Amino acid sequence: MATKLPSPLLTWLLISTCSLIFFYSKLLPLYPSPKPSSSQQPPIIPCNLFAGKWAIDPSRPKPIYDDTCPFHRNAWNCLRNQRDNMGRINSWKWVPQDCQLHEIDPFEFMGVMRDKRVGFIGDSLNENFLVSFLCILRVADMGARKWKRKGAWRGAYFPKFNVTVAYHRAVLLARYEEQPKQLEIDEVKGVHRVDVDIPAKDWADIGGFYDVLIFNTGHWWGYDKFPKESPLAFYKGGKPIVPAPDMLDGLQIVLKHMAAYIQKEFPNTLKFWRLQSPRHFHGGDWNQNGSCLFNDPLKKSELDVWFDPSNNGVNKEARLINQLIIEAVQGTDIHLLDLTHLSEFRADAHPATWLGKKDAVSVWGQDCMHWCLPGVPDTWVDILWQLMRYRLATR
């Protein structure tokens, strides 16, 4: 049988205990709290994910999506089109020089981005990027369905997480439209008016909708798209720019105005500008029987021969346009997504002649501009997500 404590002793113990608790609570703020565990810290700032090399890894797991992804575009679905060497193309892994690139976990992405929206704005190379992204993310939500609103060209909605990822086609970013011939000028059939200070209507009304935006332009700024018979005519404030800029000067003006517009209209949006995706036409341009039937990536020593503007080759424009973009976004909070260098190596990873249509090559030539999927854009997605995750966690 337990012995009962005398009531005076019990009272004394209660008073002593309460006193100790009181004094401990007063002293506790004087001592620093232990540091949170590393899992509670924001992600370490990424090192330079854009500098590195491609390493062959035959044991690398297969891509997490295949030719049945409903968001594929036929000409880039190299598995369905039975492109040669797809296994080898996807055995190469990008290895950054001083850090590790982690493959995106689509479930982690959806957890972090729940109730958010991501938008791609630009030309078909951003659409190529988007398709890779959608097929990867679908692994986390097989109920994903096609989405096309708010001026979007295409996209997807993931109902399990209330996430939207979409693409707005705006090849020059600025508004442009074809105008009929007004002046009697030899060989000129008409002009394409470009309003350098007005965004294309496809993305002019998306303010406040997206949490993350990825921009690009550049591949349409060439005389193959706008020859002298139907040139670009540049307007500012509704009036022609005088003297009339040439195409490259016009691009520079558009870039500066669009960067300023983006900075002003999307102050709370996480913004990226993707630098150029390089082309790999060998032996001539796309309409001159240029080819990209390569089995392996280019060597580092070959890159300048292919891409240095001073060599005046058919693939020279990427680095040239990049310099204009870098200058245009200076002083803004638009982050550069420099995927050019790592992509320059991959002459082996384009659709080439495997375009999914019988007469496509005879009409359009080989596709040495867009990328096979699965393929190089999957690495773009890994890099974008690693940077997004850091930026979102440290805003």
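**Strands, helices and salt bridges**

Trainee: Starting with the strands, how many bridges join β5 to strand β6?

Mentor: Five bridges join β5 to β6 (residues 163-169), and the two run antiparallel. Two strands count as paired if DSSP finds at least two bridges between them. Strands (E, at least two residues) and helices (H or I, at least four) are DSSP runs, numbered from the N terminus.

Trainee: What should I know about the model itself?

Mentor: This is a predicted model: local features need pLDDT of at least 70, side-chain atom pairs count only at pLDDT 80 or more, and totals for chains, interfaces and linings use all residues. Residues are numbered from 1 along each chain as its sequence is written, and side-chain values use heavy atoms, with hydrogens and water left out.

Trainee: Back to the hairpin. Which residue in the turn has a positive phi?

Mentor: Asn162, at about 55°. The turn puts four residues between β5 and β6. Phe158 has Val163 in β6 as its bridge partner.

Trainee: Is β5 (residues 154-158) mostly covered or mostly open?

Mentor: Mostly covered: five of its five residues are buried. Buried is under 20% relative accessible area, exposed is over 50%, and partly exposed is in between (1.4 Å probe, protein chains only). Arg154, Ala156 and Phe158 point one way, Gly155 and Tyr157 the other.

Trainee: And which residue in β5 does Lys146 stand opposite?

Mentor: Ala156. Strand β4 (residues 145-146) pairs with β5 in the antiparallel sense, over two bridges.

Trainee: New topic. How many salt bridges are there?

Mentor: The count is 13. The rule is a side-chain nitrogen of Lys or Arg within 4 Å of a carboxyl oxygen of Asp or Glu.

Trainee: Which residues are linked in a network of salt bridges?

Mentor: Arg73, Glu127 and Arg154. Arg73 and Glu127 have their closest N and O atoms 2.9 Å apart. That pair links distant parts of the chain, with Arg73 in the loop between β1 (52-56) and α2 (86-89) and Glu127 in helix α4 (residues 124-137), 54 residues apart.

Trainee: Is Glu127 buried or exposed?

Mentor: Buried, at 2% relative accessible area. Arg73 is partly exposed, at 36%.

Trainee: Which residue forms a salt bridge with Glu108?

Mentor: Arg389, with the closest N and O atoms 2.7 Å apart. Glu108 is in helix α3 (residues 106-112) and Arg389 in helix α10 (residues 376-393), 281 residues apart.

Trainee: Now the helices. At what angle do the axes of α4 and α10 cross?

Mentor: Roughly 75°, and the axes come within 9 Å. So α4 is roughly perpendicular to α10. The classes are roughly parallel under 35 degrees, roughly antiparallel over 145, roughly perpendicular from 65 to 115, and oblique for the rest. Axes are lines fitted to C-alpha atoms, for helices over the stretch in contact, with angles from 0 to 180 degrees between N-to-C directions.

Trainee: Which residues in α4 and α10 meet?

Mentor: Among them, Leu125, Phe129 and Phe133 in α4, and Trp380 and Leu384 in α10. The residues of this contact divide into eight nonpolar, two polar and one charged. Contact means heavy atoms within 4.5 Å. Ala, Val, Leu, Ile, Met, Phe, Trp, Tyr, Cys and Pro count as nonpolar, Asp, Glu, Lys and Arg as charged, and the others, Gly among them, as polar.
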